[in-house]
Amino acid sequence: MGAPKKKKSNFTRKNRLVAYAFLLPNIIGFLVFIFIPVIASFLMSFTSWNGFGQIEFIGFENYVNLIHDPNFRISFINSILFLLISVPITLFLSMVAAVALNKGIRFVKVFRTAVFLPYVTATVAVAAVWQLVFNPTMGPINGFLSSIGIDNPPGWLTSPEWALFSVSIVYIWHSVGYYMVLYLAGLQSIPKNLYEAADIDGAGPISKFFNVTIPMMSPIIFFTTIIGVINSFKVFDFIFVLTDGGPGRSTHVLVYDIYNTAFKQFEYGYASAMAYVLFLLILIFTFLQYQGQKKWNN
Amino acid sequence: MITTGEGRMQERNHSSMKIVRKIIRYVVIILISLVMILPFLWMISSSLKAESEIFGFPIKWIPEMFHWSNYKEVWTKIPFHLYYLNTLKIAVSATVLLVITSSLAGYVFAKVKFPERDKLFFLYIATMMIPYQVMMIPQFMIMKQIGLVDSHWSLILLGAFNPFGVFLFRQFFLSIPDELLEAARIDGLTEFGIYRKIILPLSKPAIATLVIFSFMHAWNDFLGPLIYLTSDNLYTIQLGMQFFITEYNTEYALLMAAAVSAVVPTIIVYFLAQDQFVEGVANTGVKG
């Protein structure tokens, strides 16, 4: 009776030894640079720490202050607006591009490259290009608009009303290729016989799109919406380079504020609370979309 | 007779519909592609113009005179080669560390049974959802404590420990049959021998995916270098470009020459490994 038990614990001990030997390099890094920071910033969000002196716990004060902070409210609204503009347009355009490029087209690779190129190029460099393209007095966009008779073209990045929208345009232009690749992968995994069956039923291309493609793609569409929302909440480089949050506060978004609060004003506690609000927002949106998908599937 | 005539008509209608549809598709594709590519063309054309020639409508796509001197000036003002080397150093080191440590951990989570395995793996998965912004402040303090602020090592280490790598390898290793490993154990291979001689050679697709993911991340990261690097000889290409923008924001031709210099090498690399890129991105979709 005792022998097999002992054997088993020997086995476990040996496996454990191997396991931790293999895990060691990764788990140290994981604990130090990921796990501890996640816990630490949570604790820090209940302090007023600014990097110096004593750490003082102030309970929920940071979170309460956030609710009453008009600047935080602006960033919060801007982040949501940015999401509402950029995510639907990006996903729609990438779906259009993916369906158009799926099969039976010449030079597929050339077109695919053209759409994907903005995504692989350094964001800061392409932002510099867009800044000139959007130049309100001399840029080619307003040059074009006034040549077709529009007298008062918008100020784009320099106008408080248009700035967030202009950044969204650049962001959409940059991201479409990425989601197109995901959609293309999804389209190519739809079994051909489903389309053949639809052909036999006499379905046209539009009915095929809505009755075969969309249902088969729904897991990927769900997935890209979640990723799209998360990514749009995290936008930073384009804001930083194109407008630096301006004009005024018109392009302040959450991540931009977190960066400024932490690394310019050194209010680590307050910035941590903001970061956790961002995380909470992402969780809520993911949960809502998950519920939405459940309903759709029923 | 009549019915066949009608049938032929229908067929002709059908095929002309098909042609119309095809034309619409090409128009859509060409339109989208043009919008995507025009800013690049404008950038290249402007980078070769004289300052006074850049703006103005209609756009003059071919410059009157090719001002190659713009590039010469940019490269003497800003050490692009150094920024490239810096970025490459960070990207390569982080990627090598990421692939080695994550594949070892992924092997354990997929193939070695021990009691607290699933709980540990759950910790990894749980942190994958959390945005970088939540961790960045304590990370910075830890880096400061161990004296790695304003050094490439901070960025290398942050790039190297990404739970996504462990997740990717674990999922991939699950598809390798256990019998293969059992046979190797009977043949007297150690666990490390199995990992090196059997698992790794089988996991080239996973490695390729992770390499592309990690390279893209290191190459395009802006927030990380912005937080950690202060000495300009350590700048990455993104940070160097940002520096150039703030310093020379009114010299448009130079700005565009700098943008071309920052962008073209990535485009070349992309063209060389296009299929792997697209596949890698499709596979890493899990983590935007």
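In which helix is the place of A:Pro37? A:Pro37 sits in helix H1 of chain A. This is a predicted model, in which local features need pLDDT of at least 70, side-chain atom pairs count only at pLDDT 80 or more, and totals for chains, interfaces and linings use all residues. Residues are numbered from 1 along each chain as its sequence is written, while chains are lettered from A and ligands numbered from 1 in the order in which they are written.

**Figure 1**
Helix H1 of chain A holds A:Pro37; helices (H or I, at least four residues) and strands (E, at least two) are DSSP runs, numbered from the N terminus. A:Pro37 is buried, because 24 other C-beta atoms lie within 10 Å. The terms are set by counts of other C-beta atoms within 10 Å of a residue's own: buried for 20 or more, exposed for 12 or fewer, partly exposed in between, with C-beta atoms placed from the backbone. Leaving aside residues up to four places away in sequence, A:Pro37 touches B:Met135, B:Pro138, B:Gln139 and B:Ile142. Two residues are in contact if their C-beta atoms, placed from the backbone, lie within 7 Å.

**Figure 2. Contact between chain A and chain B.**
Chain A contributes 78 residues to the contact and chain B contributes 70 residues. On the side of chain A that touches chain B, helix H1 (residues 2-44) of chain A supplies the largest share, 22 residues. That side of chain A comprises 62 nonpolar, 13 polar and three charged residues. Here Ala, Val, Leu, Ile, Met, Phe, Trp, Tyr, Cys and Pro count as nonpolar, Asp, Glu, Lys and Arg as charged, and the others, Gly among them, as polar. For the complex, the predictor gives an ipTM of 0.85 and a pTM of 0.88.

**Figure 3. The largest nonpolar core.**
A nonpolar core is a set of buried Ala, Val, Leu, Ile, Met, Phe, Trp, Tyr and Cys residues joined through C-beta atoms within 7 Å. The largest one has 155 residues, and A:Val129, B:Ala258 and B:Ala259 touch the most other members. Helix H7 (residues 163-188) of chain A gives the largest share of this core, 15 residues. The core lies between domain 1 (2-66) and domain 2 (78-247) of chain B, because both give residues to it. Domain bounds come from an automatic or database domain assignment. Not counting residues up to four places away in sequence, B:Ala259 touches A:Ala125, A:Ala128, A:Val129 and B:Met43.

**Figure 4. Surroundings of B:Ile212.**
Helix H10 (residues 204-220) of chain B contains B:Ile212. B:Ile212 counts as buried because it has 21 C-beta neighbours inside 10 Å. Apart from residues up to four places away in sequence, B:Ile212 touches B:Gln276, B:Phe277, B:Gly280 and B:Val281. From B:Ile212 to B:Ala253 there are 41 residues in sequence and 32 Å in space, C-alpha to C-alpha.

**Figure 5. Helices and confidence in chain A.**
Chain A has 12 helices and zero strands. Its mean pLDDT is 87, and 97% of its residues reach 70 or more; pLDDT is the predictor's confidence in each residue, from 0 to 100. Of the 298 residues of chain A, 41% count as buried.

**Figure 6. Domains and helices of chain B.**
Chain B is divided into domain 1 (2-66) and domain 2 (78-247). The centres of domain 1 of chain B and domain 2 of chain B, taken over C-alpha atoms, are 41 Å apart. Chain B has 14 helices and zero strands. The C-alpha trace of chain B spans about 80 × 70 × 35 Å along its principal axes. The mean pLDDT of chain B is 85, and 93% of its residues reach 70 or more. Where pLDDT is low, the predicted coordinates should not be read in detail.
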